[in-house]
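Below is a short briefing on a protein model, arranged by topic.

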Number of protein chains: 2
Amino acid sequence: MDKFFITGAAGFIGSNLVDRLLQDGATVAGFDNFSTGQNEFLQSALNHPNFKLVRGDCLDLPALTRAMAGCDTVFHLAANADVRFGLEHPSRDLEQNTVATFNVLEAMRANGIRKIAFSSTGSVYGEAETIPTPENHPFPIQTSLYAASKAAAEGFIHAYCEGYHFEGCIFRFVSILGERYTHGHVLDFYRQLRAHPDKLKILGDGSQRKSYLYIGDCIEAMIRVMRRGAAQTARHRVETYNLGTDEYVEVNDSIRFICAALGVEPRREYSGGNKGWVGDNPFIFLDTKKIRATGWKTTLTIEQSIVRTLQWLRQNQWVLERRPEK
Amino acid sequence: MDKFFITGAAGFIGSNLVDRLLQDGATVAGFDNFSTGQNEFLQSALNHPNFKLVRGDCLDLPALTRAMAGCDTVFHLAANADVRFGLEHPSRDLEQNTVATFNVLEAMRANGIRKIAFSSTGSVYGEAETIPTPENHPFPIQTSLYAASKAAAEGFIHAYCEGYHFEGCIFRFVSILGERYTHGHVLDFYRQLRAHPDKLKILGDGSQRKSYLYIGDCIEAMIRVMRRGAAQTARHRVETYNLGTDEYVEVNDSIRFICAALGVEPRREYSGGNKGWVGDNPFIFLDTKKIRATGWKTTLTIEQSIVRTLQWLRQNQWVLERRPEK
C-alpha cells in the first residue's frame, strides 16, 4: 500500500488525503479535471518529491488509464458532489459519478490494480426507514440523482470485486466539514452573513436534521480501513462503512453555532417546508458502529467542526469569490 | 393507459406483451434495435392496425425521443439480458442497461410521459441473505455486472419519480420461460440433446436452485399492476414487485423434466462447483407475497413452464440455429 492514485486530488477531501498520505511517507499520483478542484489546495503537495499531478477527466478513459500506471491503490474521490441542482442537468450525475467510476474500474483492470476506496454518500439510503441508519438498511428508494448515481457506482464496484477479484472499500459519508470546505450550507450562510449580517435566508423550515464529520476524522477513517485491508477477508471482497459522527444537528442548531461564532444576530427568512430542495433528505443520521469497531473515533463534535470550518473560511476568503455552483 | 411504448418490443417478453396489449385493444409503439429481437415475433403485431414498429437503439436519444412521442405509458424491456458473459465485455451492461434506461427516462421527460414499467431482475439481491427474498431485503452486494447495471437503472427511475414526478413500477423477474424463449438453460440443454441425446454438459454441479416464471403469468402481473396505477399512491411514487413462482427447482430437477419430456437419458457431465459461472447465483427464490396480494397468481408450475418451452422450441427450431450468445 505505497503508491496511491487519487481522483479528485485537488478537491476538498482529495487534497486533504494527498497531504496526509505524503506526510505518512507514501507516493501519490493525483488526478483532477479542476472542474471544482483548486490549485491552491495542492500547493504544499506540488512541492513534495513524492507527488505527481495529472490534469485529466475520468471520462477520458485512455488518459485515466495512462495516469494510473504503476500505482497499487486507488482512492476514487472525483465526483459531481452537487446534490441540490441535479434535476437541472440530470446527465451530469450519471456521467460524473456512475460512468466515471466505471472508467476508474476499467483503468484499474487495464493496469492490474485491484484495491479501491470509494467515496459514496449517506444519501444512498434515501429517506431511511431506520435512523441511525446501518449499512445493511433495507434496499432503499433513491430520492436524488446524486444518490442514485453513487449507489449505481457502488454496485459496479461490487461486481468488479466479485468478477475480477478487486478489493473494495466503500465509504458512505455524511457531509464533511473543515479545512478546504468549499461547498455547502456553512459556506452559503457565511457568504450571506458577510454580505448582510442582519438577514439570513434558509432553505426549508430549519428543522432538517443532518450529521456532519470533520475532514481530519474522515481521512483517518479511510486510511485506517485501507491499511487493515479489511476487504480482503470480507465475504464479497468489498466492505461498506458509514462515516459520520455519533450526533446530528438541526439546521437551526447549525445557524446558532455559526451566528455565535460570527457574533451576529440575523433575522431569519425561511423558504418553508421540511426539505431544502426536491430530493433533500430531512433527516440524515448514520449508524457508525461498524467503523467505530475498528477503533476509530471522531476528534471534533459537529459544533467544533463548524467553528473550524468558519475559521478556515475567514482565512481563505478567496473561496467566497468563487461563483456559487449550479 | 391507452398508448404504450415498448422498448425491446421484438424480444421474448416484449413481443408477448405487444400481442397481449393489442389483444386488449390498446395502441402500441414498439422500439427495438434487433440485437437479439426477432422479426418473427412481431409477425402478428405488424398486421395489426394499432401497432407501429420503430427500429432504433436506446443509446440514440434523439431517435428514442422521436419514437416515443404521443405515448402515455412506457414499458422499458430493452436490455442486455446476458448475465453469463458480462465479464468479457463489461461496458455492455453499463451502456445497454444503465445508460439506456437513463435515456428512456430522458426521452419520457422530453415528451411529458411519466408512467414507466421496468423489467429488473431478482439478481439485484446478489447472494441474498433472506430466501425467499422480499423486496425490502437488506442493501445487497451485487455479484454480476448485469445485476449491478439493472440495480443502477432502478435507482435512476427512483430519482425521476422523486424529482420529476414520474410513476414507476419496477418488476424484479426470476428467469422467464415459455413461448418465444430464446436464451437460457432450457435452450442450451435442448440444443445439446438434439445434437447428442446421450450426453449433457452441465455448468456447475447441478445443485443450483432457481425459480422460473411462465411468460403469460409475467405479462399478466405487469399489466395488472400498471392498470391499478399502484405507484400513484405509493410513498415514493415508485413500487417494486418481485415476479416469480412460489417454488424453485434444482438444475438437476430441470434436467429431469427436460429429459422426461424429450424421452432421453443422457450421461451427465458436470463442470463442478456450486455456480455455473462467476457471478452465477446458486440460489434464487423470491418472496412474491406483494404481487400475489394484488390477486395475481401463476397458472403454470415450473415443470409445466419447462414443458411448454420445449414444445415451443420443437415447433420453432429456427431459434436453435441462432449463434449461441457471448
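In chain A, I6(A) stands opposite G30(A), a residue of β2(A). The two strands involved, β1 (residues 3-7) and β2 (residues 27-32) of chain A, pair in the parallel sense over five bridges. Strands count as paired if DSSP finds at least two bridges between them; helices (H or I, at least four residues) and strands (E, at least two) are DSSP runs, numbered from the N terminus.

The model is predicted: local features need pLDDT of at least 70 and side-chain atom pairs count only at pLDDT 80 or more, while totals for chains, interfaces and linings use all residues. Residues are numbered from 1 along each chain as its sequence is written, and chains are lettered from A and ligands numbered from 1 in the order in which they are written.

**Sheet of chain A**
- Seven strands in the order β3-β2-β1-β4-β5-β6-β11 (chain A) make an open sheet with parallel pairing.
- Because β3 (51-55) and β11 (238-243) of chain A each have a single partner strand, one side of each is left without a neighbour in the sheet.
- From one strand to the next, the twist averages 15°; axes are lines fitted to C-alpha atoms, for helices over the stretch in contact, and angles run from 0 to 180 degrees between N-to-C directions.

**Helices on the sheet of chain A**
- Helix α4 (residues 91-111) of chain A packs on the sheet and touches β1, β4 (73-76) and β5 (115-121) of chain A, at about 175° to the direction of β4(A); contact requires C-beta atoms, placed from the backbone, within 7 Å.
- Helix α5 (residues 145-164) of chain A touches β5, β6 (167-173) and β11 of chain A, and its direction makes about 160° with that of β5(A).

**Domains of chain A**
- The domain assignment (automatic or from a database) gives domain 1 (3-176 + 212-243) and domain 2 (184-211 + 248-285 + 300-321) of chain A.
- The C-alpha centres of domain 1 and domain 2 of chain A are 26 Å apart.
- Their contact takes 16 residues from domain 1 of chain A and 14 residues from domain 2 of chain A.

**Relation of the chains**
- The same surface serves both copies, as 100% of the contact residues of chain A recur in chain B.

Key. Two residues are in contact if their C-beta atoms, placed from the backbone, lie within 7 Å.
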